[in-house]
Amino acid sequence: MKNQIVCKFGGSSVANAGQIHKVKEIVSQNNARRYVVVSAPGKDASDPEKVTDHLLNIATGGRHFRSRQKDIRPQQSHKAVLGKFKGIIDDLNVEGADIIKQLESDLKKNLPEKKRSDYLASRGERYNAEIICRYLNRQGIPSELVLPEDMGFVVSEDFSNARVMPASYRNIRKKLGSIEGVAVIPGFYGITRKGDVAVFSRGGSDLTGGEIAFAMDASVYENWTDTDGIYQVDPRLIPEARVIPRLTYKEIRLLSSKGFEVFHYDAMVNCKKKSIPIQIRNTNNPSSEGTLIVSERVPEEVVVGIARNDNVAYLYIERDGAGEDIGFVNDLIEVVRNYDIETYHYPTDKDDVAILLNQDDLVGCENDIKETIETQFKPDRFEFHYNITILSPVGIGMKDHPGVIADAATALKEQNINIDIINQGPAQISFHFGFQNYYADSALRAMYERLLKK
Ligand code: ASP
């Protein structure tokens, strides 16, 4: 395998000229960094909103920010986007009048609503990549701008949630394989067979990076962001928490599903297939090694991290034989899913079943669900329990190590914390304790001290 690195720089890493200068330094330090995928400019001191959000606000006539209770009109977003790019161009001292002109004309482009929204949303990545490419060249790093449309990065027509089509990989390999210097590639979007721009779900530049790494058989996929890596627990809650040096795909998956939102999961799927390691690194602290995500590792510790989810409720249903009745749980989940509610765990016993779900998703449909369940299942008892926190310790070392659950339970007992729900993942590398939200901080602290602190 050739030593070629895909590096993806997220919004905060390319938010302004100062940050882009750091990107240049990082790229120049290792000539294996051949494929540079960039996001649109993210938030910084000059603007608390991301360029992508401004673009979506323009596309939706102001609805985008209004739905978040923010009073930013489309005209203001228009000004903010142009101002942002002009500022970056001036501060980097690159040619850019043509870019601004093209961007202005793109923002006026007439398209059907859905297509227009994706087209506009993609413009942040599109032009940031061009500016960064010009800057790298100016700084003596030979670079070429490669747009998704230039390399046949074909995606489905699911606007705002596009999927990569398999033909893309061969096209990408062909195009990028012919490039001598550094290829600078805008993340977040691809092109449909009909030639329309379609974007991935939010945060989708991670996905572009993962797909390029897969297509090019990269030796590593570096994901440059603004934290030192993945922490054992949320460092805002436990300030002394450390960065986890190595994690398996399976562990990050378990950690990221419950409150560790560091990386777009879809971006990992293909890297995992080819065992391409993913390294999460900090643009603002490049000397830190970050977190390396790999297929296998020797477990040096039993638990690597604890995920926390404070937004859980559960539905409890009791009826004679419910848990033994084949299909009962399935039918129950189907009712909940019909309301687009995310579900997590399904603890079951002979006569009762609980379904843990996303509490926010329940808003506005509790009564309808209740009515449907009363009619369809005729339960002896049915209720919702709210304001539950789930703490989930994760670690592949747990499987062959007796007493981890006992340690965690003891830590909670010592704090007088009553556990409402217990569930062990069948792979035996995670387990989940649920209790009332008001216990969450002290429970996390107690479990951290017992399971993670060295
Ligand atoms: N710019 C896009 C977003 O804000 C995609 C990305 O940065 O990954 O969601």
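Reader: In which sense do strand S7 and strand S9 pair, and over how many bridges?

Author: Two strands pair if DSSP finds at least two bridges between them. Strands (E, at least two residues) and helices (H or I, at least four) are DSSP runs, numbered from the N terminus. Here, S7 (residues 220-225) and S9 (residues 278-282) are joined by 5 bridges in the parallel sense. One of these places asparagine 223 of S7 with isoleucine 280 as its bridge partner in S9. The model is predicted: local features need pLDDT of at least 70 and side-chain atom pairs pLDDT 80 or more, while totals for chains, interfaces and linings use all residues. Residues are numbered from 1 along each chain as its sequence is written.

Reader: How does S9 run relative to strand S10?

Author: S9 and S10 (residues 291-294) are antiparallel, with 3 bridges between them. Isoleucine 278 faces isoleucine 293 of S10 in this pairing.

Reader: How is the packing of helix H5 and helix H6 to be read?

Author: Two packed helices are described by the angle between their axes and the distance between those axes. Axes are lines fitted to C-alpha atoms, for helices over the stretch in contact, with angles from 0 to 180 degrees between N-to-C directions. The axes of H5 (residues 97-107) and H6 (residues 113-138) come within 11 Å and cross at roughly 170°. H5 is therefore roughly antiparallel to H6 (under 35 degrees counts as roughly parallel, over 145 as roughly antiparallel, 65 to 115 as roughly perpendicular, the rest as oblique).

Reader: Which residues of H5 and H6 meet?

Author: From H5 come Ile99, Leu103, Asp106 and Leu107, which meet Leu120, Arg123, Tyr127, Glu130 and Ile131 of H6; contact requires C-beta atoms, placed from the backbone, within 7 Å.

Reader: In what order do the strands of the open sheet stand?

Author: The order is S12-S11-S13-S15-S14, 5 strands with antiparallel pairing. S12 (352-358) and S14 (421-424) are the edge strands, each having a single partner strand, so one side of each lacks a neighbour in the sheet. From one strand to the next, the twist averages 30°. S14 pairs with S15 (residues 431-436) over 4 bridges, and glutamine 424 stands opposite phenylalanine 431 of S15.

Reader: Which helices lie against these strands?

Author: H14 (residues 366-377) lies across S11 (305-318) and S13 (381-394), at about 110° to S13. H16 (residues 440-451) packs on the sheet and touches S11, S13 and S15, its direction making about 125° with that of S11.

Conventions
Contact = placed C-beta atoms within 7 Å.
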